[in-house]
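Welcome, and please have a look at the model below.

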Amino acid sequence: MNKLILCEGKTDAILLSYYLEKTCGWTHRNAPKGLDIRADETRGESAYWYRRESESLLICGVGGKDNFGSFFREKIQSAIIDTNAFSKVAIVTDHDDHAEKSIIDSVQASLGPIITQIENGKWMPNSYENSYKQESFVDFLLVIIPSDKEGALETLLLEAISENGEDEAIVKRSISYVDEIRPLAAKYLSKNRLKLKACLGVTWAIQYPEKLFSFIDDQIRSVRWEESQVLAQCFEQLKNI
Amino acid sequence: MANHIENIDIVHFRGIHSLMINNLNHINIIAGDNNSGKTSVLEAMLLLRNPNDFTNILRISRMRDTNTFFSGTPVYESFINLFPRDIDKMEVALNAKCRGKSIAYKVHGEQKKIMMDPEDVLKKLYPAKRNRMMRDMDSEMIEVDAFNGELIYEVDGMRDRMPVEIDAYATTSGREIKKNNFINMIYLSPTDHVRGFVFDRIIRNDAYKEICLRVLQLFDSEIVDLVILKNEDNSRSTEYIKHAKLGNMPLSTYGDGIKKVLSLANAIAQAAGGVLLIDEVETAIHSKYYDDIFRFLVKASIQFDVQVFITTHSIEAIDGLLATQDYEHQDQKDDISVLTFKKNSNELRTYSRVLRGRHVYANREQFGFEVRL
């Protein structure tokens, strides 16, 4: 059967594909026939397929946290209703500074009426009526990053990097540096989301200066995320996809 | 836009149970895998052609055996095969809404043994079989399988019922065919185009003939006319294609593609004001001609007020039919629907999916939708 993960952007999609390949054995494949979901890269979307034995997994970056609804409606919903395309669907989204309930409400609004039963970090059975007017079933998982506090994917990555004692110091100093320079760089770092990205960027620039001009794909793949306890905990349920 | 049959509910027919198909359109593409029930749905629709005529259902039962008419399955067996095997009663039934009227059709009954006079049996047999039977016959009366039941036909609550009986030696020849068709309905099999007599209706209408000639000129630009000439030796009528360079050439010398186009065009004219059922439309047509031929098919069906049901295995044919509409620019008007069926033997039910052409087109563009599944 086919599984689907929707995440905010390309960076999340790359990290997830790397992590699930290393920890669960999902490897890249071409789109299966009749389910070649097309992403619009000019809108920051991505769609890549992975295989594990007879199962297939599609990981999509939807082009930003505000685009889950439109991406789902335009590119996924018909595939689910008309072809029962996916037996499991997960959304990975940043916590940012929102309350958990507001995130759940927003996901529900984006994925309804197919997905109505949602809990953070727990696979929930959902049912919908397909275009044959039959009841069909899909399991749904919401992964909020970080699960229990404000932040985003970058928070998680910085915590994962900090698991190494030497690197922890680099992370701390990078955060201090960004805090210190923020008043001078207000036009670049006006939001907490951007500040977090800057913290990760500074940390990476110090850890891997030779990768500074590499694509994000290279940068992410240069870290052994699969060894991180922080990521293991966060993606524990996602690995069951 | 022709929409003579608005919906149909096939209660029991061959392997189909409880199949409801709503919101039928002007052009209805029935897509699906082999053995998904596409042809059975067309056959079930033919019950509406002449619902109060028992000969109609017998003719429908024989349609799959026409290629082996003299050596194939007996009429009785073909008829019995119309009844589902997975229920404990013998019943063929459907309901439909046609031109605003509610139609209910049912044939039900039971199989039993009857005693027949050998003389009556012998009259129904072909000579070779008759001689063999005369040799083997050693009793005064012989025991024969038979179906005994009734045909019930209802229009807007007005019910008509008639007893029906058919025995194992029955034939269709000599049976009366009632002319008062409820709805003009033409069925075009995947092989009808090779039988000849594929343009008698076309040549009755000069304007239509001109349109058909333009379609034929896709295949050969020097085709100029269609004529039926009488052979002086045997006084049989033969169909000829008039060619600018070759003169009158018998239709039989042309390829299947041309015959198929002519047979489609002829069937549209025959089905004027009614319904055309085309089984496996893609047979004999190269996919490079789909766009032109299907555009002609859709246009001619509108001109002749013909609602069309088309079965196909071919995704190229489905794309070709969808391409007859300009979904990028036209308003919400949509003359095409795509129908797919899914059998659930546990529930004794067949599910239908009826999608508008525009929706299928968008899905094909978006994710290469495999609409046949």
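Helices and strands here are DSSP runs, numbered from the N terminus. Please keep in mind that this is a predicted model.

**The sheet of chain A and its helices**

With those terms in hand, let us start with helix 1 (residues 10-24) of chain A, which lies across strand 1 (2-7), strand 3, strand 4 (55-62) and strand 5 (88-94) of chain A. Helix 1 runs at about 155° to strand 4 of chain A. Helix 2 (residues 68-83) of chain A also packs on the sheet, where it touches strand 1, strand 3, strand 4, strand 5 and strand 6 of chain A. The direction of helix 2 makes about 170° with that of strand 1 of chain A.

The sheet itself is open and mixed in its pairing, with seven strands of chain A in the order 2-3-4-1-5-7-6. Strand 2 (27-29) and strand 6 (124-129) of chain A stand at the edges with a single partner strand each, so one side of each has no neighbour in the sheet. On average, and ignoring direction, neighbouring strands of this sheet are turned by 30° against each other.

**Antiparallel pairs**

Strands of a sheet pair through backbone hydrogen bonds, in either a parallel or an antiparallel way.

Strands 9 and 10 of chain B form a hairpin with six residues between them, and Ser235(B) in the turn has a positive phi of about 50°. Strands 10 and 11 of chain B form a hairpin too, with three residues between them.

**Where the chains meet**

How many residues does each chain bring to the contact? Chain B gives 17 residues and chain A gives 16 residues. About 1400 Å² is buried between the two chains, with 49% of that area coming from carbon and sulfur atoms. On the side of chain B, Arg353(B), Gln366(B) and Phe367(B) lose the most area to chain A, together 44% of what that side buries.

The interface has zero salt bridges, while nine residue pairs are in polar contact across it. Helix 10 (357-367) of chain B is one of the elements giving two or more residues to the side that touches chain A, and its six residues are the largest share of that side. By class, this side of chain B has six nonpolar, six polar and five charged residues.

How values were computed. Residues are numbered from 1 along each chain as its sequence is written. Chains are lettered from A and ligands numbered from 1 in the order in which they are written. This is a predicted model: local features need pLDDT of at least 70, side-chain atom pairs count only at pLDDT 80 or more; totals for chains, interfaces and linings use all residues. Side-chain values use heavy atoms; hydrogens and water are left out. Two strands pair if DSSP finds at least two bridges between them. Helices (H or I, at least four residues) and strands (E, at least two) are DSSP runs, numbered from the N terminus. Axes are lines fitted to C-alpha atoms, for helices over the stretch in contact, and angles run from 0 to 180 degrees between N-to-C directions. Contact means heavy atoms within 4.5 Å. Buried area is the accessible area (1.4 Å probe) that two parts lose on being put together, summed over both. A salt bridge is a side-chain nitrogen of Lys or Arg within 4 Å of a carboxyl oxygen of Asp or Glu. A polar contact is a pair of N or O atoms within 3.5 Å; within protein, one must be able to donate a hydrogen and the other to accept it, and residues adjacent in sequence count only if both atoms are side-chain atoms. Ala, Val, Leu, Ile, Met, Phe, Trp, Tyr, Cys and Pro count as nonpolar, Asp, Glu, Lys and Arg as charged, and the others, Gly among them, as polar.
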